[in-house]
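Visitor: Before we look at any detail, please show me the whole structure, and then let me ask how you know what you tell me.

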Amino acid sequence: MKKIILSLAVLSVLIGCKNENSSMHVVNNDNQDVELKIDSLIKLMTIEEKVGQMNQYNGFWDATGPSPKNGTAAKKYEHLRKGWVGSMLNVRGVEQVRSVQKIAVEESRLGIPLIIGFDVIHGYKTLSPIPLAESASWDLKTIQESARVAALEASAVGINWTFAPMVDISRDARWGRVMEGAGEDPYLGSLIAKARIKGFQGDDLSDVGTIAATAKHFAGYGFAEAGREYNSVDIGTSTLHNIVLPPFKAAAEADVKTFMNSFNEINGVPVTGSSYLQRNILKDKWNFNGFVISDWASIREMISWGHAKDKKQAAEIAVIAGSDMDMEGYVYIEELAQLVKDGVIEEDLLDDAVRRILRVKFELGLFDDPYRYCDEVREKEIVGNPKHHEAVLDMAKKSIVLLKNEKNLLPLKKEGQKIALIGALAADKNSPLGSWRLASDDNTAVSVLEGMQSYKGNSLVYKKGADVSIGKTAFIEEVKINTTDKSEFQEAITAAKNADVVVMVLGEHGFQSGEARSRTNLQLPGVQQDLLEAVYKVNQNIVLVLNNGRPLAITWADEHIPAIVEAWQLGTQTGNAVAQVLYGDYNPSGKLPMTFPRNVGQVPIYYNYKNTGRPINKEGNVFWSHYIDTENTPLYPFGYGLSYTTFEYSNLKLNGSKFNVGEDIKVSVEVKNTGNRDGKEVVQLYIRDLVGSITRPVKELKGFELLEIKVGESKTVTFTLNSATLGFYNNQEKFITEPGDFKVFVGGSSIKTLEANFELE
Ligand code: NOJ
């Protein structure tokens, strides 16, 4: 404690003397006082201490990547004492955090507090649905609330920085990390990015219940070739600026405090070494004044990429490119000081990075009280609080998408039914927690079986049928899928024979998606398809509940199974959410944030594709853009999802037919609940710019509204389009709005829409 008092005293003396050089720095921060403190502190720092701020160590265990074995705990402790560590990740719990913070603050020369990072991706202990599932709600308020709950729990255990949200757009269901994002659309993705950031950071970062957020992975990571993790990315200017970057720009506008760069290269340059992305775009064009953290050892990985010949060169390239902090890469800490001393790197570059890092620490209030996130009483009270269970249940119900409902199978009758519940995932309390749940306890999800057991009016028989995976899988291990054992099929078939309705819970193991979980096959894993078909032979009244972290190609199921419910991995409250939807206590309203293919060969498949020069079969011959063995269309399109009620769209109106560029265009539509239940509908607006100097997609989402509509009631929604929504980035990276003809579409999915035209003059 003596040390903190000492260093803060030094600091306050220095604040008194105004630093003439401070005006050199581009400061977007209103708080001039903080900027002065930062400048003063930087003046006190040695080169090694500056490099130290740019160095992040993992806690004392390996998490998501290899760490050099010389990175022993003893060395990390020694560096903490020397003030050579600016941040740690994967240290959690008040006791652990306090112990490392104490060394940094009380034993290092300047006592600069650590910022403590952790992957709080969809909750800390109490888990929300995986982010892709949450995105299916299109419910920005609830998504924000879910992030707020995550921040509350994380901040209560000493964490003050999350590596979320992942805002990578992806069109490739093979890529395992689609579970962690908001799907394929830049407009929806941008709004969800903002909602999540607001949820984590709140209105005031110095509030102890809020944490700094990270927009990751900057940029292009979702476009890994062939969906293979950590692979090259090769995208053009238009895709980069119109599809990949918008959610990152939205994040910067939402004042996200940090960005994380990514493992991939784009067009030959590893993004960790890309000045174009990190300096020109992020820091200069977008005026971002937070800091950029590398991804795990991504600075060092520039050597494997063949972009740097050794660690020294990797450090040089990365720091020049604007990577401010090195995550468990040992490159900055080992090379950077010497590079400055040798005159290869200007010390100003270090000062800029350190200034950014210190700024976030100041904003978090860590200089006022480095232990402000370390309160055991708060920890006990907040982690796993029952209110958080209510919040994640609410999010989980809203995330479910009803894909098909024939034969009136759903909602299930509450009484007098014999129900057979089949599938290993139905009783699983672990897999529904999904991937990226480093702090939650195993087997803590409410299973679907438990959820359904709370409805007592029916007879419920559970039979596993077959395991999805073999053995227990940890986060860092490959999942071993059961591809042979069908020994329990017969029991399930017998149960199905005797049932009125069969509910089958099938899909992916929770660790089949997430980082490093790319797949080349999008069907139900292992023997589950065989199980489904075997049960179907004896009872066709099947409700298929899917558990998955990515779109699946379930073409057979779509043709044969009357009712299909997309339940993703819904986190802690999975079973209760699924049961409430199956029994109709919650009327599903989710819409797909990502296209579902008919088969993996269609991937990448997405709704906002380009028309091509040969979009239709005009001549009746073979020479048009198509497959000879399947349709072009997806199995389920983006924006699609049913309800237990029905909605009718009518009266699509515009406030004119010709508009000037810059003028607001009002588009209104009437939506009526024509079924026999109250319900919610996501009303979606798409546009098409018919002719562009850069070809435009056949549809682009430009607005949506989530409406609650009572039985028989009609509601009118009005959207506003303007230059910002009608324009695009050209190949000179300029945002332009071109005059010409447009179409506007409004409906309940990207394909089922009303349509109108207008002209922009
Ligand atoms: C690697 C992942 O790509 C990144 O998203 C994550 O935040 C870090 N590891 C830290 O765990």
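Visitor: Which residue stands opposite S87 in β3?

Guide: I115 of β3 stands opposite S87. The model is predicted, and local features need pLDDT of at least 70 and side-chain atom pairs pLDDT 80 or more, whereas totals for chains, interfaces and linings use all residues. Residues are numbered from 1 along each chain as its sequence is written, and side-chain values use heavy atoms, with hydrogens and water left out.

Visitor: What makes β2 and β3 a pair?

Guide: Strands are DSSP runs of E with at least two residues, numbered from the N terminus, and two of them pair if DSSP finds at least two bridges between them.

Visitor: What is the order of the strands in the open sheet of 3 strands?

Guide: The order is β17-β19-β22, and the pairing is antiparallel. Here β17 (647-654) and β22 (714-721) are the edge strands, each with a single partner, so one side of each is left without a neighbour in the sheet. From one strand to the next the twist averages 20°. Strand β19 (residues 665-673) and β22 are joined over 8 bridges, and within this pairing F719 of β22 is the bridge partner of V667.

Visitor: How do you know that β18 and β26 count as a pair?

Guide: Strand β18 (residues 658-659) and strand β26 (residues 753-760) have 2 bridges in the parallel sense, which meets the rule, so they count as a pair. L760 of β26 is the bridge partner of F659, and L760 is also the bridge partner of G740. Strand β25 (residues 740-747) runs antiparallel to β26 with 8 bridges, and a hairpin of 5 residues joins β25 to β26.

Visitor: What describes the way helix α7 and helix α17 cross?

Guide: Helices are DSSP runs of H or I with at least four residues. The axes of α7 (residues 140-156) and α17 (residues 386-399) come within 10 Å and cross at roughly 145°, where axes are lines fitted to C-alpha atoms over the stretch in contact and angles run from 0 to 180 degrees between N-to-C directions. Residues in contact (heavy atoms within 4.5 Å) include I143 and V149 of α7 and A391 and M395 of α17.

Visitor: What kind of peptide bond joins K216 and H217?

Guide: That bond is cis, with omega about 0°, and H217 lies in strand β5 (residues 214-218). The bond from V603 to P604 is cis too, with omega near 0°, and P604 is found in the loop between α23 (574-582) and β17.
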